[in-house]
Amino acid sequence: MIMELKAVKYNSREEALGAFKKMVQRKREWLAETDRELKQMRESSKAVYANG
Amino acid sequence: MVKMKLDELNSCSSYKLTKKGENSYSFENDEHNLFLIAFSPNDTILEENTYEFGINNDGNKPSRNDEKLRKTIFVAIEAFFESKDNVLIYQCETGDCKQALRARLFQRWFNMYEHRNEYISKSGMIIAEGVEHYAGIILRKDNPKAKEVLQLFENFISFFNDKPE
């Protein structure tokens, strides 16, 4: 079965810019969230070694 | 929806992947740097089957010559493309102004990927609010809508290449 293409249509540069800015913002949020996760993982890892 | 089986991933991966969330995995490299990778749904150019690839490591420590790191990332990307309908897009982080370096590194990694000829990869630069952003798309050559999807990506990028009215 061939998938139906559900394209997002942009009628102007402003519309496309708005969508791109949202994509950039979501990336920043993901990076902030994963920075916290990585810090927690690093601290857990240190605790394991310390209690070794 | 991406369905990636952890056991199958780890049977091919150079570093052991641990599932962190839906379509999100962590691993630690030989230099003891921790990494998180994710495939997050993205609806910028298509309403479905499109995911944004993200990679983060603690402290942004460089591991440029880590061959196992490159291989681990491409094992995950290859598993993502188990469905030929899937489309992967990416953007390079701009927060530290190293986006051009990241774009070149990822392109170099892709060029070294042994199955690269089974895929189409396009990238482009978007200048938004005075900042240069690098974005790209990867899809399987046998994606039934490959031509149309690529055209959508190129149309999107072209909005930013034309001079403002």
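**Conventions and confidence.** Residues are numbered from 1 along each chain as its sequence is written, while chains are lettered from A and ligands numbered from 1 in the order in which they are written. In this predicted model local features need a pLDDT of at least 70 and side-chain atom pairs count only at pLDDT 80 or more, whereas totals for chains, interfaces and linings use all residues, and side-chain values use heavy atoms, with hydrogens and water left out. The model scores ipTM 0.90 and pTM 0.92. Within chain B, confidence is lowest in helix α1 (residues 6–12), with a mean of 91, and highest in strand β5 (residues 87–91), at 97; helices (H or I, at least four residues) and strands (E, at least two) are DSSP runs, numbered from the N terminus.

**View 1. The largest nonpolar core and Phe39(B).** A nonpolar core is a set of buried Ala, Val, Leu, Ile, Met, Phe, Trp, Tyr and Cys residues joined through side-chain atoms within 4.5 Å, where buried means under 20% relative accessible area, exposed over 50%, and partly exposed in between (1.4 Å probe, protein chains only). The largest such core has 32 residues, and those with the most contacts inside it are Met4(B), Phe39(B) and Ile77(B). At least two residues of this core come from each of β2 (24–28), β3 (34–41), β4 (50–57), α2 (67–80), β5 and α3 (99–112) of chain B, with the largest share, eight residues, supplied by α2(B). Leaving aside neighbours within four places in sequence, Phe39(B) is in contact (heavy atoms within 4.5 Å) with residues including Met4(B), Tyr51(B), Phe53(B), Ile77(B), Phe80(B) and Leu88(B). A second, separate core of 24 residues includes Ala16(A) and Met23(A) as well as Leu46(B) and Phe156(B).

View 2. Chain A has one helix and zero strands, and 29% of its 52 residues count as buried. The contact takes 28 residues from chain A and 46 residues from chain B. Between them the two chains bury about 3,400 Å², with 64% of it on carbon and sulfur atoms, buried area being the accessible area (1.4 Å probe) that two parts lose on being put together, summed over both.

View 3. Lys21(A) is partly exposed, with a relative accessible area of 39%, whereas Glu129(B) is exposed, at 61%. A further pair crosses between chains from Arg42(A) in helix α1 of chain A to Asp58(B) in the loop between β4 and α2 of chain B, and its side chains meet in a salt bridge at 3.0 Å, N to O. Here Arg42(A) counts as buried at 17% relative accessibility, and Asp58(B) is buried too, with a relative accessible area of 9%.

**View 4. Salt bridges within chain B.** The side chains of Glu154(B) and Lys122(B) meet in a salt bridge at 4.0 Å, N to O. Glu154(B) lies in helix α4 (residues 146–161) and Lys122(B) in strand β6, so the pair ties together parts of chain B that are 32 residues apart in sequence. Glu154(B) is partly exposed, with a relative accessible area of 33%, and Lys122(B) counts as partly exposed at 35%. Elsewhere in chain B, a network of salt bridges links Glu93(B), Asp96(B) and Arg102(B).

**View 5. The surroundings of Glu132(B).** Glu132(B) is found in strand β7 of chain B and is partly exposed, with a relative accessible area of 38%. Not counting residues up to four places away in sequence, Glu132(B) touches Thr94(B), Gln99(B), Met125(B), Ile126(B) and Ile127(B).

Definitions and conventions: pLDDT = per-residue confidence, 0-100.
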